[in-house]
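User: Please take a close look at one part for me: the place where the two chains meet. Then set that part in the context of the chain that forms it.

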Amino acid sequence: MTTLQHLLAGFSTALTLANLGWAFVGVTLGTLVGILPGIGPALTIALLLPVTSTLTPDSAFIMFAGLYYGAMYGSSTTSILLNTPGESGSIVTAVEGNLMARQGRGAAALATAAIGSFVAGTIGTVLLTFLAPLIVKLAIRFGPAEYFSLIMLAFVTISAFLGESRVKGLASLFLGLAIGLVGIDSLTGQARFTLGFPNLLNGIDVVIVAVGLFAVGEALFIASRPDLREARIEAVKGSLMMTKEEWSRSWLPWLRGTAIGFPFGALPAGGTEIPTFLSYVTEKRLARNPEEFGHGAIEGVAGPEAANNAAVAGVLVPLLTLGLPTSATAAILLAAFQQYGLQPGPLLFQQESTLVWGLIASLYIGNVMLLVLNLPLVGLWVRLLSIPQHLLYGAILVFSTLGVYSLNGSTFDLVLLAIFGALGFIMRRTDLPVAPCVIGLILGPMAEAHFRRALSISQGDLSVFVTQPLSAAILAVALAALVVPTVISWTRSRRAVA
Amino acid sequence: MRTLRLSADAIVGIGIALLGLAFAVATARVDVQPLYAKVGPTFVPWLVSAGLIVTGSLMAWAGLAAPPPSGHEVKTEWRPVAWIFAGLIADWLLFKPAGFIIASTVLFFCVARGFGSRSALWDALVGAALSIGAYLLFRYGLNLNLPGLLAGLWR
């Protein structure tokens, strides 16, 4: 079948009444958690995992994907009206968009963010539709050595490019890898690092770690910082219908934002944050009146908001075709696939083609739903922002303990939740990025399995990773990503001294 | 008189390095059958231990080399942190014996305190309403097995 035929079949899956319903639940929940500061898509999907085990995988993933897209739409509303980014991909919007809102142009900022998200999300989904089958064709020839090298590349880029310092990114990655080692070794059946607790034999569930790091860690951090506890909500002022001038200033930034965001999501290069910054800088440089930036320029909202939605579509490419998550949310999605006994990768497209194409088709539908939910109905959502913080976080923690307990029906997991909550708090205090830890946790055991499988095929010969051309090339890129920035800054500082 | 104040980075870096040491010690104690000796279940743990020690030390080093805290950075309040932690511990202790609803109400109350709410009775009521709602939804709506109210009395 051709890609178009697959896509049409996908629409016949996605357009059933039940799946349309789940897509709607997903985009609505996504908008909700995007708007509420403190909960994001990764945490929400993690909390839903115990509950969704009763759904069919088709419906569950249609809901999750809608949730991921929806969170990107919703977070822009919070950024613009509250000056607190709803998610990390909206940090730039929180600056420029909030300035617009303060000048009474909040409605225009919301409109360009929502329409830009729609444009970028749709173009991104088209790119995903046609790119994914190509990568699948390539990936079908990958062996354990190639997969191991790819994971190494993802490790390096995610820890090196995310956050302010490479050392901290790597430290976070190694923390995640260490957590992933706890439990029975899958190849020899040997218990490792369980400290004698039988509850740890099956390893530490990624849901507990994610909920601890995101929900509990965030609650502890916000509560400890009085300056973060108060925020001023700007009222929506102006017309949601953009003027002719606003349209003409928005459409190019939307397209450029898409062009920047999609590849960054698709390559293992750091998810949704970096492309929004790049897009902002690009728009500032290209703008006719750059002095407006920093005082509420519409281009500074249109570009980054398109970039983060395109990046989300991009993130789905390596996740679905290679089983390689490049953002924290994608890592949780991978855990969701594993819960259903599914392994994303080239085989998924052959064996679960209904699921994959239904999921992709539902993304087109979800984008339309989100545009309707987020533009005319924005006034309803804004009311959520006035929920007092103490009630919001109280509810988040109650649902967190509920979700974690229902994984195994064991209160031991509640202790683990508190421990990882403390870790999340410490990481936030010292600016250790959380995403490398979650990705290390979920990819670490896979990397180890591929590594040892490759070595058992080569009968213990370590050179297998560098004698196979593809694997060698990927490892070389990973090494360059790790070393080159260090060398550059070193030579620069030498030159400065000389 | 200047007192030595370690930055948070230095403390956490040292902590990560120590965790790496602990992992190394634990790795040394995993029995390896000679059959798997070359790349067995301890190979990757050795790498991860080394990674933790190196990155932790580098982070601590950078933290020590950085200029001492100027005293202008945002202050951390510890009372809210203690409230939330107390709530989590109470939730753990009460979950089985007192049931989900009571444990969650206590947790909600403590978190609300931690975020500086001053209306104690109102928080307890909202917490109880939320917990009962969540219990009914998950127990009957989604058929999840939760310890009920005062284990055994109401299921």
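**The chain A side of the contact**

The contact draws 49 residues from chain A and 54 residues from chain B. This is a predicted model, and totals for interfaces use all residues. On chain A, six elements each supply at least two residues to the side that touches chain B: α8 (166–181), α9 (206–224), α10 (226–229), α18 (389–408), α19 (412–429) and α20 (435–457). The top contributor is α18(A), with 13 residues. By class, this side of chain A has 27 nonpolar, 13 polar and nine charged residues.

Now the chain behind that surface. Chain A contains 22 helices and two strands. Its radius of gyration is 22 Å, close to the 23 Å that the globule rule gives for 498 residues, so chain A is as compact as a globular protein of that length. Along the principal axes, its C-alpha atoms fill a box of roughly 70 × 60 × 55 Å. Of the 498 residues, 60% count as buried. Among contacts in chain A with a separation of 6 or more, 79% join residues 24 or more positions apart.

Next, the core. The largest nonpolar core has 198 residues, and A:A210, A:V211, A:A219, A:I332 and A:V438 touch the most other members. Leaving out residues up to four places away in sequence, A:A210 touches A:A42, A:L43, A:A46, A:I332 and A:V438. In soluble globular proteins, nonpolar side chains tend to be buried together.

The loop between β2 (191–192) and α9 of chain A holds A:F193. A:L195 lies in the loop between β2 and α9 too. Phi of A:F193 is near 55°, a positive value in a residue other than glycine. Phi of A:L195 is also near 55°, again positive and again not in a glycine. Most residues other than glycine have a negative phi. A:F193 is partly exposed, because 19 other C-beta atoms lie within 10 Å. A:L195 counts as exposed, because it has 8 C-beta neighbours inside 10 Å.

The axes of α5 (residues 91–102) and α6 (residues 106–139) of chain A come within 7 Å and cross at roughly 140°. That angle makes α5(A) oblique to α6(A). From α5(A), A:T93, A:G97, A:M100 and A:A101 meet A:G106, A:A108, A:A109 and A:A113 of α6(A). This helix contact has five nonpolar, three polar and no charged residues.

Terms used:
Residues numbered from 1 in each chain as written. Chains lettered and ligands numbered in written order. Predicted model: local features only at pLDDT ≥ 70, side-chain atom pairs only at ≥ 80, totals over all residues. Contact = placed C-beta atoms within 7 Å. Helix = DSSP H or I, 4+ residues; strand = E, 2+ residues; numbered from the N terminus. Nonpolar A, V, L, I, M, F, W, Y, C, P; charged D, E, K, R; others polar. Rg over C-alpha atoms; globule rule 2.2 N^0.38 Å. Buried ≥ 20, exposed ≤ 12 C-beta atoms within 10 Å, placed from the backbone. Axes fitted to C-alpha atoms, helices over the stretch in contact; angles between N-to-C directions. Parallel < 35°, antiparallel > 145°, perpendicular 65-115°, else oblique. Core = buried A, V, L, I, M, F, W, Y, C linked by C-beta atoms within 7 Å.
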